[in-house]
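This report describes the fold of a two-chain model and the contact between its chains. The sequence and coordinates are shown first, and the description follows.

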Amino acid sequence: MKANCWMGPKMVEVQEVPDPKILNQRDAIVKITSTAICGSDLHLYNGFIPSMESGDIMGHEFMGEVMEVGKQVKNLKVGDRVVVPFPIACGNCWQCQHQMYSLCENSNPNAWMAEKLFGYSPAGLFGYSHLTGGYAGGQAEYARVPFADVGPIKIENGLSDEQVLFLSDIFPTAYMGAEMCDIKPGDVIAVWGCGPVGLLAIKSAYLLGAERVIAIDRFPYRLRMAREQAGAETLNYESVNILEALKEMTGGRGPDACIDAVGMESHKPGLLGIYDRAKQAMMLEPDRPHALRESILACRNGGTVSVIGVYGGFVDKFPMGAVMNRSLTIRSGQCHVQRYLKPLLERIKNGEIDPSFIITHSLRLEDAAHGFDIFLKKEDDCVKVVLKP
Amino acid sequence: MAIQQTRRALAPSHEQPAKADASAPPRRRQVREEYQPTAPRQARSEQLATALGWFSIGLGLAEVLAPKGLAKLIGARKTPALLLRTMGVREIIAGIGILTNPRPARWLWSRVAGDAMDLSVLGAAFLSDKSEPSRLIAATAAVAGVTALDVIEAQRLTRDKNDRVVRVASKTINRPPEEVYRFWRNFENLPRFMSHLELVQVADGNRSHWKAKAPAGMTVEWDAEITQDRPNELIAWRSLEGADVEHSGSVRFERAPGDRGTEVKVAIVYNPPGGVLGVGIAKLFGEEPGEQIKGDLYRFKQVMETGEVIHSDSSIHPGLHAAQPSGDETDQ
């Protein structure tokens, strides 16, 4: 089959690789009909996530048709149309039983690696380095889906791939980001990053009852999308001082909750930006946490900072004094996608939201390298790339 | 009761834990020993070390409290009281060190150094005309005897520390202890999750034969016997004479609090071939038993909770492999 493989920093290549096979009795093989490039794939692409091997198949947002099921998979049959959540979760362990699927205790065969970096291991993930399992990803013609009796959700006809594909990651991720803000009537939410997750987080915050949502980015086309498609007020951090602007917009109090939808490769003009960039280049600081620092400093006293942007290791100059003295709450996590599949599919079916508005490019799988390139460089007003195998 | 009411009045109601029941008596908690990482705790067999520790303290107290009397006793009247007091403080510190450390090799070596100092003080006293040679000779003989004991015990503890390697690992498994114990107790199940184990044959009730992969394509074999078997709680074993790697081990099954399954705790004690250096080399190749036990326990949990060992496209191969399917490794 054809698959998009990571070949080194800033190098991906569609190659011919062997077809996947059932390895465990609860596996299914899925023929992929749509797959996407995620903003978090750019961290792999740029080489900032450790433990990638040349030849790793990328991709963790995919859907398709069931081709084959293992002996223990009773709920799916050949021909079913499914969306596959990006965390791999067994459904049997203590974390899964508490719906903390991205913390599954059984799905990472390389747990020892993750333990060295994180203390304990999170769940295995599709196509996301060997630290989280070394699973082949979904930017391919076929994928092996472990625990197929727990993860995938069946999709009825009548909904397009584009409407439901993002149930695999970014819509639930954005929704969980808004849910962690514990939104109350009258709340003002600030969102750092107007990429696909940021845009869906704005929408989710409104779905959960936010009064106002203020979105922050530096690309005019993304800010326009946040205003016109998602209904946010917007700030460009290259032209205004975000902390002062947010203070003024919220009557001197600050947003009730802040969502960091940027993660470890955020940008910042000025000296601190150069400092972090240099440290990251010298491997002294894996993560550049500008958005995180700013969201902490911006949040109102007693408010919540919800972190859904991906971080890989350690951060510098973390404003712990602000967190402690101002009673802030930090909530975070890889999304427990399985928890949100049904309720969010309902919202899509009811017409409350159509996440397909973020798609700007639909390419053939063979053009994956071009997709990564324009997505990274923000060329051609790229927001979200969908690949068709 | 009054105290409880006051506290409730002070605390906002939503901060009361849901399960707290004011009418129930407060739960008595057992006072526990401080956690020691070298489980299983060995019975303290260092009786000689303990005796030497108390001797140190006794002698130290005498030196500190009655330096003049002591100097007279050993026949070295001219020894300055301050010197004896200083030596006494050193003795007391060494004694406390020996008695409070589970493996006090270093403290015993400090006693050996102290003995050398004592002997040199006695040697100096022989040159003084105010000394009593007969007493000095007796004192010197006594110190020399204690020195010999100190050296023997310090060497023994140092050797033990280097040769014996203790490895522990634990994992909480979401199944009741009865089930977890039953699966493990059938030793022939173990190769299902212990990746280095090739087979286990149970001979009779207590004895079994084991065969495992070793570094560089070799295999090691041994016979083992069960030394303790408490159903649903503990299995302990040791290798029998002639084993390639002499070792003993135990696995405990403890009911996790709050009905959260079973805490499985494995401890292995062994004499690595090649000593400490051997452990280092094994670590380089990822074959170190401590890492193996952790991996084995992780897979044990997978088998107990999900029914089988879980593979990713790369983990199914030994060593590094790209995360993509491989054509040849078909139908396991």
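## Burial and overall form

A residue is counted here as buried if 20 or more other C-beta atoms lie within 10 Å of its own, the C-beta atoms being placed from the backbone. The model to which this criterion is applied is a predicted one. By this criterion, 56% of the 389 residues of chain A are buried. For chain B, which has 332 residues, the figure is 27%.

The secondary structure of chain A amounts to 13 helices and 18 strands. Its radius of gyration is 20 Å, close to the 21 Å that the globule rule gives for 389 residues, so chain A is as compact as a globular protein of that length. Along the principal axes, the C-alpha atoms of chain A occupy a box of roughly 60 × 50 × 45 Å. Among the contacts of chain A with a separation of 6 or more, 72% involve residues 24 or more positions apart.

Chain B contains 9 helices and 7 strands. Of its contacts with a separation of 6 or more, 54% link residues 24 or more positions apart.

## The parallel sheet of chain A

In chain A, 6 strands form an open, parallel sheet in the order E13-E12-E11-E14-E15-E16. Its edges are strand E13 (233-236) and strand E16 (329-332) of chain A, each of which pairs on one side only. From one strand to the next, the twist averages 20°.

Strand E12 (residues 212-217) of chain A runs parallel to E13(A) and is joined to E13(A) by 4 bridges. Within this pair, Ile216(A) is placed opposite Leu235(A). Helix H6 (residues 196-207) of chain A lies across strand E11 (188-192), E12 and strand E14 (257-260) of chain A, at about 170° to E12(A). Helix H10 (residues 290-298) of chain A also packs on the sheet, where it touches E11, E14 and strand E15 (304-307) of chain A. The direction of H10(A) makes about 175° with that of E14(A).

Strand E9 (residues 142-145) of chain A is covered on both faces. Tyr142(A) and Arg144(A) are buried on one side, and Ala143(A) and Val145(A) are buried on the other. E9(A) pairs with E3(A) in the antiparallel sense over 4 bridges, and Lys31(A) stands opposite Tyr142(A).

In helix H13 (residues 368-377) of chain A, the buried residues are Ala368(A), Gly371(A), Phe372(A) and Phe375(A). These residues cover an arc of only 95° around the axis, which puts them on the same side of H13(A). An α-helix has 3.6 residues a turn, so residues three or four places apart point the same way. The packing partners of the buried residues of H13(A) are strand E1 (2-8), strand E2 (11-16), strand E3 (28-37), helix H1 (39-45), strand E17 (361-364) and strand E18 (385-388) of chain A. After H13(A) comes Lys378(A), with a positive phi near 55°.

## Contact between the chains

The contact between the chains involves 35 residues of chain A and 27 residues of chain B. On the side of chain A that touches chain B, the elements giving two or more residues are E1, strand E4 (56-57) and helix H3 (111-118) of chain A. By class, this side of chain A comprises 16 nonpolar, 13 polar and 6 charged residues.

Conventions: Residues are numbered from 1 along each chain as its sequence is written. Chains are lettered from A and ligands numbered from 1 in the order in which they are written. This is a predicted model: local features need pLDDT of at least 70, side-chain atom pairs count only at pLDDT 80 or more; totals for chains, interfaces and linings use all residues. A residue is buried if 20 or more other C-beta atoms lie within 10 Å of its own, exposed if 12 or fewer, and partly exposed in between; C-beta atoms are placed from the backbone. The arc is that of the directions from the helix axis to the C-beta atoms. Two residues are in contact if their C-beta atoms, placed from the backbone, lie within 7 Å. Two strands pair if DSSP finds at least two bridges between them. The radius of gyration is taken over C-alpha atoms; the globule rule is 2.2 Å times the number of residues to the power 0.38. Ala, Val, Leu, Ile, Met, Phe, Trp, Tyr, Cys and Pro count as nonpolar, Asp, Glu, Lys and Arg as charged, and the others, Gly among them, as polar. Axes are lines fitted to C-alpha atoms, for helices over the stretch in contact, and angles run from 0 to 180 degrees between N-to-C directions.
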